[in-house]
Amino acid sequence: MSRRPHVRKQYWNEPEMGLWEKAYLPEILRGLWITGSIFLRNMGKWVTGRKGALTTYYPEETRWDYAQANRGKHVLTRRPDGTPQCVACNMCATVCPAKVIEIEAGFDPADAAHPKYPVRFEIDYSRCVFCGLCVEACPEDAIRMAKEVPNLPSGDRWSMWLAKEELLDWQPQSDVAKPYPPAPARVPDGERG
Amino acid sequence: MIADLVISLVFIGYAISVLMGFGTILTWVERKQAAVMSDRIGANRAYIRIPGTQVKLVWLGLFHGMADGLKMLLKEDFKPRTYDWYAYAVAPWVVFTPVLLVFAVIPFGGSLTPARLWEPLSAFFGDKTWPMQIATLDAGILIVFAFSGLTIIGAMLAGWSSSNKFSLLGALRAGSQMISYELVLGLTVLGLILVYGTVNLDAMVRQQSGIVLGFLPAWGIVYQPFAATLFLAAAIAENKRIPFDLPEAESELIAGYFTEYSAMKMGLFMFAEFIEIAIIGALFTTLFLGGYNLPYMSDAGFAFPGGAALALPHGAVVVTQLGTFLLKVFLVCSFQILIRWTLPRFRYDQVLMFAWKFMFPLALANLCVTAVVVWAVRA
Ligand code: SF4
Ligand code: SF4
């Protein structure tokens, strides 16, 4: 049994160029033709008012395949009477890995069912990592995340620090399961302080 | 005498504003063209806000150039502790000034007779006619080579005086590369000089306004297509841009000979490079693309093949020639940018090999063939 001598396998291409490639010019012209025609095609699109680029112009535009389940800006859900559903239990602030949720609890003796409510509820989006743990931690389904991050990208970090009003004020159309927009308060006069 | 001075000052002002304008616009054109070539949008986030309002002017990113300039002016001007700070300080200017000087001999228009532009001007200027060129020197193209050869001194000074090995390597590369390609550049132009029988750039342009073979404009690129290609390649190599940007190859030498420069000194190097793109465009236009004239056009007007002619008033001719020159220069610049964003960088040994074993023999062969043909035609 004869054994063939071992031939080491070559993992690269032989740098072989024909005369045509070695003459530089034809191949260079071919390359210029490719880039030049792409340039002309895109320019033609731009000057006729169409978009000649693949770039998504974030945040003015979003991609068509933007995930439906994308975790974006937080939404504080509300009860039918418009008060926030949050009971200021601080679970979200505790679980938050970036420690960006700040809650100051208040006491409302008039609301017997949920006397504790957030006076202050602030999220610093310049540090939030959009992990969604706060949403999972919440026992009251009071905090959710919308798909988009409307107007959040900014050159100024202080404008990324959103307070309760901005978290409540944002008007989601379909994202929140509670009746929305909240129905007008059906509380009889005099029952609430 | 005074009239000469006024005309010269006007021309110098025009030339400087054209060069500065090109230098500024080209930074924007380069960004945008590269972006469009690669399906991108390009830099367009710099804006100017109208004070007191929220109206932000973006203007396709034109303000990025301003932002860059401002940034370079305001940055710390870092100085290395070098033993030769004088050479270090002077080097950017040695690179920058010759680039501007080259433009002095390039004709950017035909002839200008102020009296024919506007009647009252004749009281001051008389009936004299000036060629639209800062210095009407017979040595034309030789001056161009003399000055453009000077920029290498600046690059060498910068590399030597920075006390940095990367800078020194970049300067050495720049030196050997520029000497090699200067030769090719000269040889390709020699063919043209044979054809035109003059080194005066204005005379060359005037000869290119004719017609050859009955319909083609008598441009240099028609006579010498080969030389035109070689000239452009060698000129890009002179300017040290991709694919010949070995002296400043980022992946190998950080920034080459201007590694140690910061703030506006670095800006001067960059600006000189962009102006040199425009200079190459102007030279190529003048030598090979008929200069400031449209095809079939001369100072008198159009003379189409087939005998039809169209005379133009002097003002129209002057404006057309100025505009045509700028347009042609811009197109050549754009073509250079296309090359820069298409081709990959050579290896260093390949660059020199390319110059000496490929372009040099080709340029020589082109010169020989031209000489024989010119001799046969003249005989
Ligand atoms: S998404 Fe994550 S990081 Fe952001 S607030 Fe919620 S828990 Fe904190
Ligand atoms: S976990 Fe829910 S209820 Fe508790 S503080 Fe956070 S948002 Fe409010």
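Which residue of β5(A) does A:Ile123 stand opposite? These legends describe a predicted model, in which local features need pLDDT of at least 70, side-chain atom pairs count only at pLDDT 80 or more, and totals for chains, interfaces and linings use all residues. Residues are numbered from 1 along each chain as its sequence is written, chains are lettered from A and ligands numbered from 1 in the order in which they are written, and side-chain values use heavy atoms, with hydrogens and water left out.

**View 1. An open, antiparallel sheet of three strands in chain A has the order β2-β3-β5.** β2 (101–107) and β5 (161–162) stand at the edges with a single partner strand each, so one side of each lacks a neighbour in the sheet. Strand β3 (residues 116–124) pairs with β5(A) in the antiparallel sense over two bridges, where pairing requires at least two DSSP bridges and strands are DSSP runs (E) of at least two residues, helices (H or I) of at least four. A:Ile123 stands opposite A:Leu162.

**View 2. B:Asp245 lies in the loop between α11 (225–238) and α12 (250–253) of chain B.** With a relative accessible area of 4%, B:Asp245 is buried (under 20%, with a 1.4 Å probe and protein chains only). Leaving aside residues up to four places away in sequence, B:Asp245 touches B:Lys240, B:Glu250 and B:Arg345 (heavy atoms within 4.5 Å).

**View 3. The residues around ligand 1 include A:His74, A:Cys96 and A:Met145.** A residue belongs here if one of its heavy atoms lies within 4 Å of the ligand. By class, this shell has ten nonpolar, two polar and no charged residues, with Cys and Pro counted as nonpolar and Gly as polar.

Terms used
Buried means under 20% relative accessible area, exposed over 50%, partly exposed in between (1.4 Å probe, protein chains only).
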